[in-house]
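I opened the notebook to record what I looked up in this model. The entries follow the order in which I checked things.

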Amino acid sequence: MDQTAAQRLVFAMLDADGDGIVSEDEYLARARNVALATGREEDDPLAVTARTLGRKAWASMDADGDGRMTFDEYAAWAGAEAFDTVCAPILGALFDLADADQDGTLDFSQFTALRTALNNPAANAEAAFAALDADGVGRVGRGDYIAAIRAHVTGEGSPMGAALYSRPLEDIPA
Ligand SMILES: [Ca+2]
Ligand SMILES: [Ca+2]
Ligand SMILES: [Ca+2]
């Protein structure tokens, strides 16, 4: 999968209502949805961290500041540097919300709760877990998880990313 195709799949996930634009509300709902799905209170410090990082990310992605992120804005922004400075901390903060015992790993149900709260179909989340948990211990690590998504969005290819973001081709706007 080339980088643009990979980015389109990520953008489609971010665009929860499928109107071709990611609104600020849509983007900020992600941290809220994960907090809800993982039973966190609004003032939980981990939830506050995820929201704060989400707001900063939004400000950097919506380059013209009109409150709407287009695919072109997203594609111009996305890349290794944006991933490392903006996406990785957010992915880590959202992972931490789901990591009830804070040991840096998620089990199958925690992982699928996290990813379905982030708008991935349950079957994709389950396949992504299997791809990450290659040795079958029943847990995925925070660092492995972030590295797999990085490989996907930078076009290096990632079995986990392909599983997580796959959707029928006819659903993807050209
Ligand atoms: Ca939208
Ligand atoms: Ca914009
Ligand atoms: Ca854990």
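Which residue forms a salt bridge with Arg40, and how far apart are the closest N and O atoms? I found Asp44 as the partner of Arg40, with the closest N and O atoms 3.2 Å apart. For a salt bridge I required a side-chain nitrogen of Lys or Arg within 4 Å of a carboxyl oxygen of Asp or Glu. Asp44 counts as buried, at 16% relative accessibility. The classes I used are buried under 20% relative accessible area, exposed over 50% and partly exposed in between (1.4 Å probe, protein chains only).

Conventions, noted once. This is a predicted model, in which local features need pLDDT of at least 70 and side-chain atom pairs count only at pLDDT 80 or more, while totals for chains, interfaces and linings use all residues. Residues are numbered from 1 along each chain as its sequence is written, chains are lettered from A and ligands numbered from 1 in the order in which they are written, and side-chain values use heavy atoms, with hydrogens and water left out.

Entry: other salt bridges. I counted four salt bridges in the structure. One of them pairs Asp84 with Arg150, at 2.8 Å from N to O. Asp84 belongs to helix α5 and Arg150 to helix α8 (residues 142–153), so this pair ties together parts that are 66 residues apart in sequence. I took helices (H or I, at least four residues) and strands (E, at least two) as DSSP runs, numbered from the N terminus. Both side chains are partly exposed: Asp84 has a relative accessible area of 39%, and Arg150 has 25%. Arg150 also meets Glu156 in a salt bridge, at 3.8 Å from N to O. Glu156 is exposed, with a relative accessible area of 59%. Through shared partners, Asp84, Arg150 and Glu156 form one network.

Entry: the core. The largest nonpolar core has 49 residues, and those with the most contacts inside it are Tyr74, Leu94, Phe111, Tyr145, Ile149 and Met160. Helix α5 (residues 80–98) supplies the largest share, 11 residues. A nonpolar core here is a set of buried Ala, Val, Leu, Ile, Met, Phe, Trp, Tyr and Cys residues joined through side-chain atoms within 4.5 Å. Leaving aside neighbours within four places in sequence, I found Phe111 in contact (heavy atoms within 4.5 Å) with residues including Leu106, Phe129, Tyr145 and Met160.

Entry: positive phi. Gln102 has phi near 55° and is not a glycine. Gln102 sits in the loop between α5 and β3 (105–107). Asn119 has phi near 85° and lies in the loop between α6 (108–117) and α7 (122–132). Gln102 is partly exposed at 41% relative accessible area, and Asn119 is partly exposed at 35%.
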